[in-house]
Amino acid sequence: ASYRAGVSSIKKKPEPSESSTEGDAEVEPPVAAATAAAETSSVLRRATTYGASRKLSNAELKAELQRMNAELSQAQSQVSSLSREVESLRKHNKTLTEAFRKARDDLRAEKKESATVDKANKHKLRELEVAAEDAQVAMESQCKSQLEAERKQHHEQMLSSQKQSEKQKEKEVVKPKKGAMSLAKEKARHQSELKEVEKQSQSVIKHKDSVIEEQLTEGYLKQAEDVAEEYTVLSKAERRKTAALKDLQHVAMKRLLKNKEQDLERKHEELEEFQLMAELAGEDLHALRYNKVEKRGKPKTWTPIVTQLVVELLANGTPPSAVSANILSVCKLLFPGAPIVRELPSMRFVRSCRTVLLHLAKTLAAYEIACKDVYEQLFTDGTTRRQTEFQNVVVGVLTPAGYRRVALDGCILSEEHNAESVTASILVAFQRSGKLLDFWRTVTVEMYPDRNGLLERIPLSSELTLAKLAKDLQGEGSNENETPSLFFQLPEELRITAMIAAKRGAPALRKEHNVALKLQKEANLRRKRIEHEKNLENAKEEYIKAWDLIDVYHSERGWKKLSQARRVFNIMSSEPTRLKAVKEQITIRVRGFGWKEAAHAWSKGGTAYDSLELMKHFVDVILPMEAKLGVPTEPRFKIQDNTTKYALCTDSGLSVENVALNTKSVEDLKAEAMMERARREAEGETDHDANLQAHHTMPTIDDTLVGYSIEYCFAYLDDDDGGEYYAWLDGVVEKL
């Protein structure tokens, strides 16, 4: 009994602790072997003492020793198998370490690349500064040359005008009555006019010099602002890139840790499966456990019978982790004394059989539908699972047993979610199901080339068509010699070929599914990006409108006190004017300040509120709220968020929120909105001063207008045709 306990302690595999790592071996084979040898020698000594006390013969003692040596050799073989497992774990740990080092090297390379990009950006900024300085020098030289040219031209014009006047004087005929005194006076007058013209020319030249200097100063300031703005943009881009690199490094480390955790969970599942089989099989565990096949020549594969057994268990709802244990349990119960199980399917093979089951189910559905001459009905439906939308297609047919619905495909992934894309994906599903039938026929011809009868049982892909929906029903449900469509009613050869075709086509089926899933995710991402850009534009437009309303509040048009509100309200004579004014004041608080509590409906039950009711709301609700909350200095920037909320550290959440949509910061969006507002004002699309004018009431024409900024319309004369035109100019009232 003590020897058996020692052997069982050697055979039992210790459970991995939470603090142990993957690379650490649970048991060192030399230590285990030494322990087993020591325990065996002690057992031999006790057995010899026991034999002497019982007075056993030497032959019996030798037989007992031989049996114990055989058990010892078996224990040593088990120790060697454990050592091989430990070596495989060490290799796996080495592979994980290399993968981690590779990921670390990739991160370092990306960091180095970002440093190179930063250096290039700084070099580019320096080049921009040098270019700005060069442009400044060129502009100065150009302005100086232009000034010299204008001065020279003006001087030449003055000389030419003086020469023309002198010639004109020479041509004039002096009358005899004119005396010498009149000629001297005329000459003096001409000289005074010449001096006056020279003074005017010098004043014009000084004025042009001052204008050119102002233009140069404005150009320098504008260039400096452009350089500073470009530097700010580059700095923000560099900061965003650095943050993105840090996020990428963080995500990579999380994925690496997640992969390691998944490997540990898989090993724990294999260990639990091993322990479950140990409880069921007892001492025959190592003989029944699945052993990996060495890569020598062609690798071994499970027969179609074993694959069919696994597929049947999966189809009946058995979890993949319990398939091998259920197979072993059934064999032990049905054949208790027959060691018919030498190996069991691994967890990886059982999981891969789920794709085989899908391939087989789609093939059988295509077979059953294609064997019918008429389709009575066609159903489609859609649903969503984990942010993935998919469709199904069900065909209704008549069988001898009655009406039957067959699901041709239960997971059709369309690229878009509109009717056109869904219809195209359903047609593609029919084509792919027809290809499954053709592949089944190919495998059947390959395995049974001389059995033409088997090939005739499998319909062609051309028989799987939607055109059968247009045919008329003629006794479809009374055909007793109809070709059977269930898997177990097929001949054994067709069942085998269908299973082999499913095993061969499973990788291609999984690849098609992954490609369709990727296309759908990319389409969803494009749609979300467009929606996000639209929301940003709406938010910027609302921000511009809010700024306009805040400016209206701070002007004479805004009602800041109760006395002012009542005075302006009483001055207005018509109901539409009062109603428009009160609505504007409420809108300033709701849309400009962002106070949703200050809102009031314009009508109720089809009846519009009058100005008195809205004024009462303004006095009783809005003014006390304004006194309590205060006037905000700037409006809120609110973005409508229609995106789906994802869990943190998941692929969908990271790709949609951080990488794919490329969301700008709130400060950048505010700056873009203010630039758009300035552009509209500069190009004349909006008139800021006109919006601030109190158009509800006329201002009082008295001394209170002194110092106010106004716009005044002046009449001007056109120098070309002498006509009259009008222009509005900004100015400040000095006196009345």
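Arg677 touches Ile544, Trp547, Asp548, Asp551 and His688, leaving aside residues up to four places away in sequence. Touching, or contact, means heavy atoms within 4.5 Å. Arg677 sits in helix α16, residues 666-682. Is Arg677 buried or exposed? Arg677 is buried, because its relative accessible area is 16% and buried means under 20%, with exposed over 50% and partly exposed in between, using a 1.4 Å probe and protein chains only.

Some ground rules. This is a predicted model, in which local features need pLDDT of at least 70 and side-chain atom pairs count only at pLDDT 80 or more, while totals for chains, interfaces and linings use all residues. Residues are numbered from 1 along each chain as its sequence is written, and side-chain values use heavy atoms, with hydrogens and water left out. The score pLDDT is the predictor's confidence in each residue, from 0 to 100. The protein chain averages 75, and 77% of the residues score at least 70. Over residues 281-298 pLDDT stays under 50, and the model has 29 contacts there beyond four places in sequence. Residues 650-660 also stay under 50, with 19 such contacts.

Now the chain as a whole. How many helices and strands does the protein chain have? There are 17 helices and 7 strands; helices (H or I, at least four residues) and strands (E, at least two) are DSSP runs, numbered from the N terminus. Of the 736 residues in the chain, 28% are buried. Among contacts with a separation of 6 or more, 71% are between residues 24 or more positions apart.

Next, the cores. A nonpolar core is a set of buried Ala, Val, Leu, Ile, Met, Phe, Trp, Tyr and Cys residues joined through side-chain atoms within 4.5 Å. The largest has 44 residues, and Val310, Leu360 and Trp440 touch the most other members. Elements giving two or more residues to this core include α6 (304-315), α8 (347-370), β2 (388-399) and α9 (419-447). Helix α8 gives the most, with 11 residues. Which residues does Trp440 touch, not counting those up to four places away in sequence? They are Thr363, Tyr367, Ile458, Leu490, Leu494, Thr497, Ala498 and Ala501. Apart from this core lies another, of 33 residues, among them Val552, Trp559, Met572 and Trp595.

Helix α13 runs over residues 575-592, and its 18 residues should span 26 Å at 1.5 Å a residue. The expected span is 1.5 Å times one less than the number of residues. The end C-alpha atoms of α13 are 25 Å apart, which agrees. Its buried residues, including Leu579, Val582, Ile586 and Val590, pack against α11 (492-553), α12 (562-571) and α14 (611-629). After α13 comes Gly594, with a positive phi near 80°.

Helix α7 has 12 residues and reaches 17 Å from its first C-alpha to its last, close to the 16 Å expected. The buried residues of α7 are Val323, Ser324, Ala325, Ile327, Leu328 and Cys331.

That leaves the cysteines. Cys331 is buried, at 19% relative accessible area, whereas Cys713 counts as partly exposed at 31%. How many disulfides does a search of the whole structure find? The search finds 0, where a disulfide is a pair of cysteine sulfur atoms within 2.5 Å.
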